[in-house]
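Dear colleague,

I am passing a structure on to you, and you will find the sequence and the model just below. Please look through both before you read my notes, which go through a few places one after another.

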Amino acid sequence: RSPTEKMSAMTTISTVSLSARRAMASPVAARAPVVAAPAQRGSLVVVAASKKKDVRLIITLECTEQKESGVAGMSRYMTEKNRRNTSQRVELMKYNPYLRKHTLHRELKK
């Protein structure tokens, strides 16, 4: 072989091996692309999220002193808690606008 033939053969090999290396390095690129079914114009496609246990729960806090006082209305607050860090019920001092003072609010049962 002449030197030019060797060079052209090496360039072809290096080009092929470079594309092969890229395909091996990126397993996502090697997979077939995910193609959704063609939707009609104006239609809405809904994709469901994975169902797993959320770590953060939305809880309701209710005033403990208001029931005994007989004042109309109920002071309730919505907040979040981390299930892993606080497994017991939450108790916080929050403002009660009906009694016009800070009172103890406890987490309600779900």
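Leaving aside its neighbours within four places in sequence, which residues is Asn82 in contact with? Before I answer, please keep in mind that this is a predicted model. With those neighbours set aside, Asn82 is in contact with Val55 and Arg56. Asn82 itself belongs to strand 2, which covers residues 76-82, and its side chain reaches the backbone nitrogen of Arg84 at 3.0 Å. Asn82 counts as buried because its relative accessible area is 18%, and the cut-off for buried is under 20%.

Lys53 makes a contrast to this, since Lys53 is exposed, with a relative accessible area of 71%. You will find Lys53 in the loop between helix 2 (27-30) and strand 1. Lys53 and Arg83 are 30 residues apart along the chain, and their C-alpha atoms are separated by 9.9 Å.

The strand pairing is the next thing I looked at. Strand 4 (residues 101-107) pairs with strand 1 (residues 56-63) in the antiparallel sense, over 3 bridges, and within this strand 4 the bridge partner of Leu61 is Glu107. Strand 4 also pairs with strand 3 (residues 91-96), again in the antiparallel sense, and here there are 6 bridges. Strand 3 and strand 4 form a hairpin with 4 residues between them, and in the turn Arg100 has a positive phi of about 60°.

As for pairs of aromatic rings, the structure holds 0 of them.

Is Gln66 buried or exposed? Gln66 is buried, with a relative accessible area of 1%. The side chains of Gln66 and Asn96 are joined by a polar contact of 2.7 Å. Not counting residues up to four places away in sequence, Gln66 touches Val71, Ala72, Gly73, Met74 and Ser75, and also Asn96, Tyr98 and Leu99.

With kind regards

How values were computed
Residues numbered from 1 in each chain as written. Predicted model: local features only at pLDDT ≥ 70, side-chain atom pairs only at ≥ 80, totals over all residues. Heavy atoms only, no water. Phe/Tyr/Trp six-rings, centres within 6.5 Å; stacked < 30°, edge-to-face > 60°. Buried < 20%, exposed > 50% of the residue type's maximum accessible area, 1.4 Å probe, protein only. Polar contact = N/O pair within 3.5 Å; in protein donor to acceptor, adjacent residues only side chain to side chain. Contact = heavy atoms within 4.5 Å. Pairing = 2+ DSSP bridges. Helix = DSSP H or I, 4+ residues; strand = E, 2+ residues; numbered from the N terminus.
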